[in-house]
Amino acid sequence: MNTPFPFIGYHGCDRKTAQKILINHEALHESDAESEWLGTGVYFWNNDPQRALEWAKHKEVETPYVIGAIIQPQKLLDFSTREAESLVKCAYDWLYDEYQNSNEKLPKNQKFGQGDLFYKNRKLDCLVMNTLHANSLQEHDVFSAPFLEGDPIYETGFFLRETHVQICVKNLNAIVGYFHPSEKHSLNLPPLVD
């Protein structure tokens, strides 16, 4: 899907990383952990700086911080579309056949702990996403996907407390620029520089 509009993404990190990006004009590094659910890339929370800050605090970095990014994909794969569903199925089927032919077992998504209902250790998903990206003729530079997560907001509801849309940048050229979030977001970030 070609997209005429940019995304505003927020990345939770340590203040030292924010300084490298915002002051020294370095680039963010791709995450290539084997459990990244959208595969290798630079991850952002779509339009949610507060969630990015919560993530940075959860990671127990020295000084939690948030940076914003303007992301302009040339070729977006939106996982809320039928196009994405079809591509994911093709990538999985190809992997399944490859693993069957080599008598190997496909990795599985696994729970991080007892309370994890969403199998957040996403080894299979990561492998499928990396395969999709590597083998796609369309060379998507950004993946965007809703992620259901957390407890219900109210009893029997399926609106969950931590549901969000995540952006995974596959091609760093899709990042137009970085910015410091404005104070209107009430993040109460420490100064970027002491």
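**Exercise 1. Which helices and strands each supply at least two residues of the lining of the largest pocket?**

Solution. 
- Step 1: Strand E1 (7-14), H1, E2, helix H2 (49-58) and strand E6 (164-169) each supply at least two lining residues. Helices (H or I, at least four residues) and strands (E, at least two) are DSSP runs, numbered from the N terminus.
- Step 2: The model is predicted: local features need pLDDT of at least 70, side-chain atom pairs count only at pLDDT 80 or more, and totals for chains, interfaces and linings use all residues. Residues are numbered from 1 along each chain as its sequence is written, and side-chain values use heavy atoms, with hydrogens and water left out.
- Step 3: The largest pocket has a volume of about 1,000 Å³. Its lining counts 34 residues, and the closest to the centre are Glu36, Trp45, Trp55, Lys59 and Gln166.
- Step 4: On a 1 Å grid over the protein atoms alone, a pocket is an open set of points where a 1.4 Å probe fits, with protein on both sides within 12 Å along at least five of seven lines; lining residues have an atom within 4 Å of a point. Points are joined across faces, edges and corners, and a volume is the space filled by probe spheres set on the points.
- Step 5: By class, this lining has 13 nonpolar, 10 polar and 11 charged residues. Ala, Val, Leu, Ile, Met, Phe, Trp, Tyr, Cys and Pro count as nonpolar, Asp, Glu, Lys and Arg as charged, and the others, Gly among them, as polar.

**Exercise 2. Where is Glu36, and which side chain of opposite charge is nearest?**

Solution. 
- Step 1: Find the loop between helix H1 (15-22) and strand E2 (42-46); Glu36 sits there.
- Step 2: Glu36 is buried but has no salt bridge. Buried means under 20% relative accessible area, exposed over 50%, partly exposed in between (1.4 Å probe, protein chains only). A salt bridge is a side-chain nitrogen of Lys or Arg within 4 Å of a carboxyl oxygen of Asp or Glu.
- Step 3: The nearest side chain of opposite charge is Lys59, 7.4 Å away. Lys and Arg count as positive, Asp and Glu as negative; His and the chain ends are not counted.
- Step 4: Leaving out residues up to four places away in sequence, Glu36 touches Ser31, Tyr43, Arg122 and Cys126. Contact means heavy atoms within 4.5 Å.

**Exercise 3. How many salt bridges does the structure hold? Compare two of them.**

Solution. 
- Step 1: There are 8 salt bridges.
- Step 2: One of them pairs Asp194 with Arg15, with the closest N and O atoms 3.1 Å apart. This pair links distant parts of the chain: Asp194 is in the segment after strand E7 (175-179), Arg15 is in helix H1, and 179 residues separate them.
- Step 3: Asp194 is exposed at 80% relative accessible area, whereas Arg15 is buried at 14%.
- Step 4: Arg82 and Glu85 also form a salt bridge, at 2.7 Å from N to O. Both lie in helix H3, 3 residues apart, about one turn of the helix. An α-helix has 3.6 residues a turn, so residues three or four places apart point the same way.
- Step 5: Arg82 is exposed at 69% relative accessibility, and Glu85 is partly exposed at 47%.

**Exercise 4. Which residues of H2 are buried, and what covers them?**

Solution. 
- Step 1: Pro49, Arg51, Ala52, Leu53 and Ala56 are buried in H2.
- Step 2: Their cover includes E1, E2, strand E3 (64-71) and E6.
- Step 3: Glu60 follows H2, with a positive phi near 55°.
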